[in-house]
Amino acid sequence: MRKSLFYDFFKQHNAVFENRYEIEVPKQVSDEQSEYNLIRNTLGITDTSHMQCFCFPEEKGLNFLDSLVAGNVAKIRFGRILHTFMANKDGDVIADCYIANNDEEFILLCESIINDNEFLPFLLENGASDSDYVDYSNDYGIIGIDGYKAWTVVKELFGTDVLGLPYLSCEKYNFESEKIILFRAGKTSEFGYYLIVPKSISQKLIEQCYDIAQKNKGGLCGVEIHNALRLEGRFFNIYKEGAIVKDPLVLGLQWMIDFSKDNFCGRDAIFAKRNSGLKSKIIGIKTKDASCKLNINAPIYYNNKKVANVVASCFSYLLNAYVGLAVFPIELAFSGLEFNLDSENGNIIQTISMPPIMPKSLSVKLDEL
Amino acid sequence: MSTNSNEIIKRRKEVIDTFKKELITRLNLPYTPEDLHEDVALLGAGLGLDSLDALEIVLCIENCFGAKVPDNNISVLRSINTVIDFVLEQKAGKEKNS
């Protein structure tokens, strides 16, 4: 099992770890609500080294990546990031990907639901051997900085210019004479950054990030709280609804696909499904009663008939209710309807428009600070 | 399906269909209406539209549905569904007042 470069640091801070597709990652550092509040109100530092990271030289990388992922890699402007997915030959989503066009190279940063030791073989099966790739996964650590005040950390580390970076952009910075790659991205609805950090400076940087976070009343988080934050912000979560549903069209990921591309892995299967028409769709749900829990796989009834299953859920501290996602038949996949949970006469749940919350970060304009 | 649910779906579907078609035409999006999930983010993530596109969407909402988006209301343009909710709320308000 792969261990993150930040394992010992998080262990010292009493983190509990989990095995995420053969990578040991800090699951939780304090209690759920404290970690939630850190990110919604200040900032949280998370070890996101479970993400696979590869670097490709520009020309070979472009050809390989474009033949692999659903989005159009050729259209990524310099300094920008494409958010797309990787599918297998059956058209099922297997990785949620950021691809950055960064100074004559492409950086691939992925969250995948195939085991870590099977990820590189999958790339090689699909033509990576000719791409001159460099696998960063073992020699780099990835720090996630998320929250309403996340920008305070990167500003102190790299200067005020970093505030001018738009969402889905990347830049390189120096730290102790080493290069750090910064992704302005994230899936919490608050400000978010990933720092891709070489081993030689990883300990010093995580300690410095933590010090700055503490000065701003922030702290450390595990990866688990991100499931709730993503769901509230209606960001795709490959580890939750993605791992259950897998079909990118049912998941509503059409926006990640360039339908004009002639070739990418899983294209034929995805196009066949698209041509036969969408029969079900994932949509948001919410309990009426805060004590009514939404369990994964719980059945949803309509007119005494089972019509859907819960595929993702979390307790929303902002809404004081459980929110979730469920796959409904297309004729019922509308916001504003009422259903019964668990049985024909079970608790009432409603289908809702997503995202259901308004994050504080949306009211801040970083370039005006 | 209950009459109430049928009405909710009918009203919502009508606005969704119109809005998606207008969005695709006005912004020249490379998608069919079926490709656009109603929860997809309009700005930044998701469709990745910019501030000029946002202006076009505001005009579209005004022209197609007669609903004026307040200048400071950034929550309306978060997804297709949040736009639809806003349009339906405005319509319901008008029906109540008339």
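Guide: Strands pair if DSSP finds at least two bridges between them; helices (H or I, at least four residues) and strands (E, at least two) are DSSP runs, numbered from the N terminus. This is a predicted model: local features need pLDDT of at least 70 and side-chain atom pairs 80 or more, while totals for chains, interfaces and linings use all residues. Residues are numbered from 1 along each chain, with chains lettered from A and ligands numbered from 1 in the order written.

Visitor: Which residue of β20(A) does Phe339(A) stand opposite?
Guide: Start with the strands: β19 (residues 338–341) and β20 (residues 348–352) of chain A run antiparallel, joined by three bridges. Across that pairing, the residue of β20(A) opposite Phe339(A) is Ile349(A).

Visitor: Which residue in the turn of that hairpin has a positive phi?
Guide: β19(A) and β20(A) make a hairpin, and six residues lie between them. The one in the turn with a positive phi, about 75°, is Asp342(A).

Visitor: What is the bridge partner of Gly284(A)?
Guide: Here we meet another neighbour of β20(A), strand β15 of chain A, which runs antiparallel to it and is joined to it by four bridges. Gly284(A) has its partner in β20(A), and that residue is Ile352(A).

Visitor: Which strand gives the most to the side of chain A that touches chain B?
Guide: The contact takes 22 residues from chain A and 23 residues from chain B, where contact means C-beta atoms, placed from the backbone, within 7 Å. With three residues, the element of chain A that gives the most to this side is β15 (residues 280–287).

Visitor: How far apart are the centres of domain 1 and domain 2 of chain A?
Guide: An automatic or database assignment sets the bounds, giving domain 1 (2–229) and domain 2 (279–356) in chain A. Taken over C-alpha atoms, their centres are separated by 31 Å.

Visitor: Why is α7(A) called largely enclosed, and which residue with a positive phi follows it?
Guide: Helix α7 (residues 225–233) of chain A is largely enclosed by the rest of the structure because eight of its nine residues are buried (20 or more other C-beta atoms within 10 Å of their own; 12 or fewer is exposed, in between partly exposed, with C-beta atoms placed from the backbone). Among the buried ones are Ile225(A), His226(A), Arg230(A) and Glu232(A). They pack against α2 (32–41), β4 (44–47), β14 (219–221), β17 (305–316) and β18 (321–329) of chain A.

Visitor: What pattern does chain B follow along its sequence, and what percentage of its residues count as buried?
Guide: Chain B has three helices and zero strands, and its C-alpha trace spans about 40 × 30 × 20 Å along the principal axes. Among its contacts between residues at least 6 apart in sequence, 54% join residues at least 24 apart. The pattern reads α-α-α, and of its 98 residues the buried part is 27%.

Notes: Two residues are in contact if their C-beta atoms, placed from the backbone, lie within 7 Å.
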